Structure formats: structure tokens, C-alpha cells
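Hi there,

Here is the structure I promised to pass on. Have a look at it first, and then read my notes below.

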Amino acid sequence: MDSPAGGTASTLDPERSAWLRLTLTAGLGPATARRLLAVFGLPDAIFAASAATLAPHAGEALARELAGPASPAQREAMQAAARWLASSPSNHLVTLADTLYPAGLLAMSDPPPVLYATGRIDRLAQPGLAIVGSRSATRQGEATAEAFAAGLARAGLAIVSGLALGIDAAAHRGALDAAGGTIAVVGTGVDVVYPAANRALTARIRTQWLVLSELPLGTPAVAFNF
């Protein structure tokens, strides 16, 4: 697949629906998903396989789930994703099969099969550097993070951080104020703004750069995801 889907259709194509269903299967983590993909190819081939064929690679319970029809909850989530994509050309789904999938994540043992993105999807191709830190940073700490982020952004790097209060937010601000780039990787659904105090900053990043999440739409702020 050459490019990720944006907000141009009210329904998902079958291949992208299969990618989403894979991520929405309870008990199926990224490492197991990658193992199945290595054996069967694209997700639609996984769902076309029998439980007996899948079991050696996923276990019997998970194999039965994958071999059966999509659950009502999965169908509802896929329909919500289709509506979200159709709502704005800035909304995208990036799968492991897309050429824009970040090369750095591909080097991991368990890259997320799907990324939800809001903003300028072409920004994924820019080299990036992460700046993260304390949520309860001092003013001096935030000023230092802003200065570092501004200098690095001017040098052509996209500053990657998590949109948390403190150092993360300072890094994003420093990059934007220097007319540079920044990408927010969040621990909620990409459609959720958290924390609320960063609403204006989130809007700036969505408009000028990119917000990313591996979590399904609507996922609230839960400590485990951070």
C-alpha cells in the first residue's frame, strides 16, 4: 500500500478494515501481531485462516477469535474510524504496509500495526529527535527545554514529545515558536485532548505538524498507556 488513508471516504477499504480489526482484537499485542503477519502476510490472510492453522502461532483461544467474525464492538470501532477519517482530510490511518510508516518504529520488535494521525502526514518523513521530561518542571527547566527544542528545530529536526505538562509541552512550544517542526505522540486516542491545559498547544500541533497515537479513537487518559 503506497499511502495512508485520509478523510476522503465514509467507509474503510477491506484491507484497512482488517488492519484495524487486528489491533482491536482483545489479547493480541503488537509482538503477536507481527509474528502472525510474518507467517500469513497481510491481516486479511490472517482472518481468512482457520483456527487450527492459527493456533500454533497465537494459541487456541486467540485463534478461535481471529477465525470467527468481527465482534459488534470491533465493527462499531471500525465504523467510528471510518467516520473520523471522513470528517477531515487531516485525519489518517498509517499501517505497517504504508510507505510512510516511520522507519524507526519498524526497527522495533513490536511496532504498532496501526498509527492514528491528525495533521500533516508528510511530516512523518522528517528526521526527529525526542525531548521528554518531568511534568512538574521548574521554570528554568522549561525555558531550557524550549531553547534546546528551538535550536534543534531550526537545524531541521522535528522535536518529538508526549504533549504532557512541563518539559514535553515546553519542547513542543520551543519548536513551534522557532518556526520549526514538532510531532506529539500521545497516550490517549488521537482525538482526545489531554491534559486540557494543552488544548491550544494541541490545536497548533494538529494544524501545523502532527499528533500520533497507536491507541484506538476515544481512548481516555490511563496511567498504563503513558
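Where does proline 195 lie? You'll find proline 195 in the loop between strand 5 (181-185) and helix 10 (199-208). Keep in mind as you look around that this is a predicted model. That proline is worth a click, as a cis peptide bond joins tyrosine 194 and proline 195, with omega at about -5 degrees.

Next, go to histidine 172, which sits in helix 9 (residues 167-177). Is histidine 172 buried or exposed? Its relative accessibility is 0%, so histidine 172 counts as buried; the cut-off for that word is under 20%. Not counting residues up to four places away in sequence, histidine 172 touches Ile159, Ser161, Gly162, Leu163, Thr182, Ile183, Ala184, Leu201 and Ile205. For leucine 163 there is a polar detail too: a polar atom of the histidine 172 side chain lies 3.2 Å from the backbone nitrogen of leucine 163.

Stay with leucine 163 for a moment. This residue is in the loop between strand 4 (158-161) and helix 9. You'll see alanine 179 in the loop between helix 9 and strand 5.

Now for the inside. In soluble globular proteins, nonpolar side chains tend to be buried together. Here, the largest nonpolar core has 48 residues, and the members that touch the most others are Leu20, Leu36, Ile46, Leu54, Leu66, Leu93 and Ile205. Helix 6 (residues 72-87) gives this core its largest share, 5 residues. Another core, of 9 residues, lies apart from it, and among its members are Ala153, Ala170, Ala171 and Ala175.

Leaving aside neighbours within four places in sequence, leucine 54 is in contact with Leu36, Phe40, Ile46, Ala49, Gly59, Ala63, Leu66 and Ala67.

Happy exploring!

Notes
Residues are numbered from 1 along each chain as its sequence is written. This is a predicted model: local features need pLDDT of at least 70, side-chain atom pairs count only at pLDDT 80 or more; totals for chains, interfaces and linings use all residues. Side-chain values use heavy atoms; hydrogens and water are left out. Helices (H or I, at least four residues) and strands (E, at least two) are DSSP runs, numbered from the N terminus. Buried means under 20% relative accessible area, exposed over 50%, partly exposed in between (1.4 Å probe, protein chains only). A polar contact is a pair of N or O atoms within 3.5 Å; within protein, one must be able to donate a hydrogen and the other to accept it, and residues adjacent in sequence count only if both atoms are side-chain atoms. Contact means heavy atoms within 4.5 Å. A nonpolar core is a set of buried Ala, Val, Leu, Ile, Met, Phe, Trp, Tyr and Cys residues joined through side-chain atoms within 4.5 Å.
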